Amino acid sequence: MAFSVAFSQSSFSCLSTFSKKPRKIPFGHLPLIRAVKSSEQQNEKIAKTEAIEGSSSNAKPTTTAPPKPKKPVYSMKKGQIVRVDKEKYLNSVNYLSVGHPPYYKGLDYIYEDRGEVLDLRFFETGEYALIAWVGIPTAPAWLPTDMLIQSDKLNYERM
């Protein structure tokens, strides 16, 4: 038993009021809004510049570029080989937030295997390094740099 229905626009009187073409809104009717940061320091600067411009009409205003932010100095380098200090990690907030018991053996690779520093950043709580473990199929982790042990040589023996 097949059932087919044919609808037309005239069968729904409520749809006849909608236009098939999208309506364009002219921009001349829209109010323009400009955001301005108001502060006392800015008002003082404007007053000073107006006083300077009023006194010397031939002088060109000099614009000084804002000083570049200082490049942060990190305690490690990208690509450096590290491993995690077990005692510091087990007593850290990072370990406590995971909820593993103290005898949990699933994380031994971070103490024994090579970890490579992928990125370094300063967060609110200090300097952190993004560590990926070589040969371990797991996601990289952000760890504080104070709990990492730097390795001088590339190939070191497992514990």
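Let's start with a turn in the chain: a hairpin of two residues joins strand β2 to strand β3. Keep in mind as you look that this is a predicted model.

β2 covers residues 115-123, and its pairing with β3 is antiparallel, over eight bridges. You can find some of these bridges yourself: Gly115 has Trp133 as its bridge partner in β3, and Glu116 has Ala132. If you wonder what holds such an arrangement together, strands of a sheet pair through backbone hydrogen bonds, either parallel or antiparallel.

Now turn to the next neighbour of β3. This strand pairs with β4 as well, again in the antiparallel sense, over four bridges. One place to look is Ile131, whose bridge partner in β4 is Ala141.

Let's step back to the whole sheet. Five strands form an open sheet in the order β4-β3-β2-β1-β5, with antiparallel pairing. β4 and β5 are the edge strands, each pairing on one side only. On average, neighbouring strands of this sheet are turned by 45 degrees against each other, direction ignored.

How enclosed is β3? Seven of the eight residues in this strand, which spans residues 126-133, are buried, so β3 is largely enclosed by the rest of the structure.

Finally, visit Thr145, which sits in the loop between β4 (141-144) and β5 (148-150). Is Thr145 buried or exposed? Its relative accessible area is 11%, and buried means under 20%, so Thr145 counts as buried. Leaving aside residues up to four places away in sequence, Thr145 touches Ser75, Met76, Leu120, Glu127, Tyr128 and Ala129.

Key: Residues are numbered from 1 along each chain as its sequence is written. This is a predicted model: local features need pLDDT of at least 70, side-chain atom pairs count only at pLDDT 80 or more; totals for chains, interfaces and linings use all residues. Side-chain values use heavy atoms; hydrogens and water are left out. Buried means under 20% relative accessible area, exposed over 50%, partly exposed in between (1.4 Å probe, protein chains only). Contact means heavy atoms within 4.5 Å. Two strands pair if DSSP finds at least two bridges between them. Axes are lines fitted to C-alpha atoms, for helices over the stretch in contact, and angles run from 0 to 180 degrees between N-to-C directions.
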